[in-house]
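Work through the exercises below with the model open. Try each task before reading its solution.

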Amino acid sequence: MRSLLFFLLSLPVLLMAQQTNDQNKSLSSDPDSVIYTMVQEMPQFGINNNDLQKFISEESKIKTSPTRTQNSINVFVQVIIEKDGSVTFDKIVKGDDKKKKYNKEAQRIAENMPDWSIGRMDDIKPVRVAIMFPIWFIE
């Protein structure tokens, strides 16, 4: 009786686990379309962490700050670093809903970015990686 009760109580969990495995298989059927958020070797812009903010500052038509300030308008951009290092704009994760010009400028900056170093999985395989970064505009 106990084993039957245990089986009946475990059945929904087993079914959900099987369904999750089936979903993962269908997602991984096209490995070229998988976008990772964390990989062993993350893509990098330039040589050091300051290079990204330097590019943003030089490319922007609106004044920016290398760090967040009390008066800054914060826009968070997500891009996809492709297998060849090229950049594809994905979305504005958080922007300024009142002044859309900051969101548009952040998108324009992302669309004009040069290539990044590629992301790698298993130390060999180049993969697509989603990267999010802030742009701090100053009014």
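**Exercise 1: A glycine in a loop**

G85 is buried, with a relative accessible area of 0%; buried means under 20%, exposed over 50%, and partly exposed in between, using a 1.4 Å probe and protein chains only. The model is predicted: local features need pLDDT of at least 70, side-chain atom pairs count only at pLDDT 80 or more, and totals for chains, interfaces and linings use all residues. Residues are numbered from 1 along each chain as its sequence is written, and side-chain values use heavy atoms, with hydrogens and water left out.

Task: locate G85 and list what G85 is in contact with, leaving aside neighbours within four places in sequence.

Solution. Start with the position: G85 sits in the loop between β3 and β4. Helices (H or I, at least four residues) and strands (E, at least two) are DSSP runs, numbered from the N terminus. Next, the contacts (heavy atoms within 4.5 Å). They are D115, W116 and I118. Finally, check a C-alpha distance: G85 and Q44 are 41 residues apart along the chain and separated by 9.3 Å.

**Exercise 2: A glutamate in the same stretch**

Solution. Now look for the polar partner. A polar contact is a pair of N or O atoms within 3.5 Å; within protein, one must be able to donate a hydrogen and the other to accept it, and residues adjacent in sequence count only if both atoms are side-chain atoms. The side chains of E82 and R128 are joined by such a contact, at 2.7 Å. Beyond four places in sequence, E82 is in contact with T88, I118, V127 and R128.

**Exercise 3: A helix check**

Task: what span should helix α3 have, and how far apart are its end C-alpha atoms?

Solution. The expected span is 1.5 Å times one less than the number of residues. Helix α3 (residues 100-111) has twelve residues, so it should span 16 Å; the end C-alpha atoms are 17 Å apart, which agrees. Now find the buried positions: Y102, N103, E105, A106, R108, I109 and A110. The buried residues of α3 pack against α2, β3, β4 and β6 (125-138).

**Exercise 4: The whole chain**

Task: how many helices and strands does the protein chain have, and in what pattern?

Solution. Count three helices and six strands. Along the sequence they read α-β-α-β-β-β-α-β-β. Then take burial: 35% of the 139 residues count as buried. Last, contact range: among contacts between residues at least 6 apart in sequence, 72% join residues at least 24 apart.
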